[in-house]
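Please look over the sequence and the model below before reading on.

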Amino acid sequence: MPADSGIAEAAAVLRAGGLVAFPTETVYGLGANALDARAAARIFEAKARPSFDPLITHLADAADLPALVGAVPPAVAALVERFWPGPLTLIVDRPAAIPPIVTSGLDTMAVRVPDEAAARALIAAAGVPVAAPSANRFGQLSPTRAEHVVAGLGAAVDVVLDGGPTRCGIESTIVDARGDRPVVLRLGALPVEALVEAVGPVTVRPGSSGQPVAPGTLAAHYAPRTPLRLGTAEPAPGDGGRRGFLAFREAPQAGGWAAVEVLSPEGDLTAAAARLFDALHRLDAAGVTEIVAEPVPDVGVGRAINDRLRRAAATWH
C-alpha cells in the first residue's frame, strides 16, 4: 500500500506482532516490534537469516534514545546530534527492554533514526522501537524498491509500504563510538570523510569471519543470484556466453555483453550508490550467466559501493 496512506494500518500490524516492510533513505527495512521476541523471531524466519546476525533497532526520534537505553556516552551523543536522523547506525549497550534475540545474544545493540518521513511516522504511530534489517532474503541483494521486497519475500511480509525508490540506495554506516576512538564496523551511505570531519580520526574495521559484532558485516553478503566477479570491460566476452556488465560511468565500447547497467554517466558517486542495488537487480533478472562489476573510485561513498561489490563477489569465490 502507499506509504503516505498506509501508516495507521501498518502501525497496527507492528503492534500486533506482524511484519511490515517500509522505505528508509537507505534501503527497505523488514520491521517488527523490537520489544517483542516472538515478532523479532519472525524476521529471522522470513529472511532465512541466521540467528547469530544481529538486527538494527529503529527509533522515531533522537530523543527516544536515552528513554530506551538510559545514559548515552558523550561521543555517541555527539554523533547523534550531528547525524540523526540519517544513515548512521550507532552501537550502544543493550537495554533490558530489548530481548536478546534482537541483538543475537550480544550485550550491545545497533540503533538509528532513519531520515525518511514515512519510516519515522510508522515508528511513531506504532509507539514501539522497530527492529528492521533489509527486507530481502539473507545474503541477497538489498531492496531499494517495494517491488524488490515483494519479489524476494512475498507472503512472508504482512504489509509492504511503497515509498518509491530509496534515496541513498545502500545501507547505513555502522559506528561504535563508545571507546576512545570511533570504530567504523560497516561502510555505508554516510562517508567516512564526514565522520572524520565531525569527530576526528576513526578506525575502519569492516568485515567479520565469526559472529558479527554488527549487522551486515559478514565477509560474503549482498549477493545477486547470478555469480558476480570484479573486473573490467576489456576484453569483451568472446565465448558466446551471456554475461552482464556493471559499469561506473560509461558502457563498454566493445560488444559482446548481453546486458549492461551504468551507475552514473556523470561520475557522481552518490548517484551511483543510489542505483547500485537496483542495477544489480536488473542484471540478475536479465538471464545472464555472470555479472562482471567494475569498481568505482574508492573515496567517499565509493568505499561503501566497493565494499558491497567485494562482499557480493566473495559469495561466489
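**A pocket and a sheet**

The largest pocket has a volume of about 260 Å³, where a pocket is an open set of points on a 1 Å grid over the protein atoms alone, with protein on both sides within 12 Å along at least five of seven lines, and its lining residues have an atom within 4 Å of a point; the volume is the space filled by probe spheres set on the points, which are joined across faces, edges and corners, the probe being 1.4 Å. Among the 15 lining residues, those closest to the centre are His148, Ala151, Gly152, Arg225 and His281. This is a predicted model, in which local features need pLDDT of at least 70 and side-chain atom pairs count only at pLDDT 80 or more, while totals for chains, interfaces and linings use all residues. Residues are numbered from 1 along each chain as its sequence is written, and side-chain values use heavy atoms, without hydrogens and water.

An open sheet of four strands runs in the order β11-β14-β12-β13 with parallel pairing, strands being DSSP runs of E of at least two residues and helices runs of H or I of at least four, numbered from the N terminus, and two strands pair if DSSP finds at least two bridges between them. Because β11 (228-230) and β13 (259-262) stand at the edges with a single partner strand each, one side of each is left without a neighbour in the sheet. Strand β12 (residues 243-247) pairs with β13 over four bridges in the parallel sense, and the bridge partner of Phe245 in β13 is Val260.
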